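Good morning, and thank you for joining.

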Amino acid sequence: MVGERSHARGPSSYVMFDIVTAGLAPSMALLLFSSILLFILQCSSAQPSPGYYLSSRFKPLPGFYHGYNTLWGPQHQTVSADQSSVAIWLDRSSGSGFKSNRPFRSGYFAASIKLQPGDTAGVITAFYVSSLLANSRCRLACFLLSNNQVHPGFHDEVDIEFLGTTPGRPYKLQTNVYVKGSGDGRVIGREMKFHLWFDPAADFHHYAILWNPNEIAFFVDDIPIRRYPRRSGDTFPLRPMWVYGTIWDASSWATDNGKHRVDYRHQPFVARFTRFVVRGCSAYAPPGCRPVPSSPSGFGLSKQQLAAMAWAQRNYMVYDYCRDDQRDRSLTPECWA
């Protein structure tokens, strides 16, 4: 009879409610049902396992200078005695940055990063790869790939940027891909922005960019948050790039489109990096050098990785350039392929 009555009312959760709460007072039954529902909701939003942990496959660099050198602002940069970590900071006089010793044509580039707490409006912390040798864009913290110094005004770049924020509001992590033209007046950004499922200023977390001839993937603690597949050579970076980490003043756009600027009463703004991983095919490697795979099967994400990425995008993505109706769709054909 319980099953028949519950089936007539609808979802199976009611079956559980009837069975578990039989004989309980209404107030106790309601409290128990609320607890069960809360548990189910928490489980649905819990961080999933990606099933494949790239960060555990590669040893960190034995020392910072084994993979990087100071790019600018040496007086705003401190390397630990054992070279296991580096702190870079921004104050009213300058920011700071570092750059890989070699350019790469593919690879897995990662670091554990801890951000500044409190009021960091206008500050950018970035980790990126770029064909730009001295990138002037990066001011809280950037971790990126770029080749701009070799191809000024016509360079490629892949970014992880932490957009500074005001007290009580979370950081935004912005991922971006530029192809052949950032800085020449026709900047075509391919931004996806996320809130995170933790406080990035409370502790170190691992952030990574994987770039191979078929795809670019962005990872947070091994959870893939974005995959950018190669659909054509016109929308995918294929030229060698360097790896960068920077911190800088981006008051003109970083926080609420420039509404909140850097408040230097809170200086210095410090970003800390450790557990550097630089693994891949340098620009000087032989043609037979094999790119780093993104999953156990090789290229492309596994089903479990895709499920983890769907979880991150469903719960934490706050902007996707492909869903922005104000964008000129002719400039981003990969969105509509």
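Which residue in β11 is the bridge partner of Ser112? The partner is His206. Please note that this is a predicted model, where local features need pLDDT of at least 70 and side-chain atom pairs count only at pLDDT 80 or more, while totals for chains, interfaces and linings use all residues. Residues are numbered from 1 along each chain as its sequence is written, and side-chain values use heavy atoms, without hydrogens and water.

Let me turn to the pairing. Strands here are DSSP runs of E, at least two residues, numbered from the N terminus, and two strands pair if DSSP finds at least two bridges between them. Strand β5, residues 104-114, pairs with β11 in the antiparallel sense over seven bridges. β11 also pairs with β12, residues 215-220, in the antiparallel sense, over six bridges. A hairpin through two residues joins β11 to β12, and the bridge partner of Ala208 in β12 is Phe219.

Next, burial, meaning under 20% relative accessible area with a 1.4 Å probe, protein chains only. Eight of the eight residues of β11, 205-212, are buried, so the strand is largely enclosed by the rest of the structure. His205, Tyr207, Ile209 and Trp211 point one way, whereas His206, Ala208, Leu210 and Asn212 point the other.

Methods. Buried < 20%, exposed > 50% of the residue type's maximum accessible area, 1.4 Å probe, protein only. Helix = DSSP H or I, 4+ residues; strand = E, 2+ residues; numbered from the N terminus.
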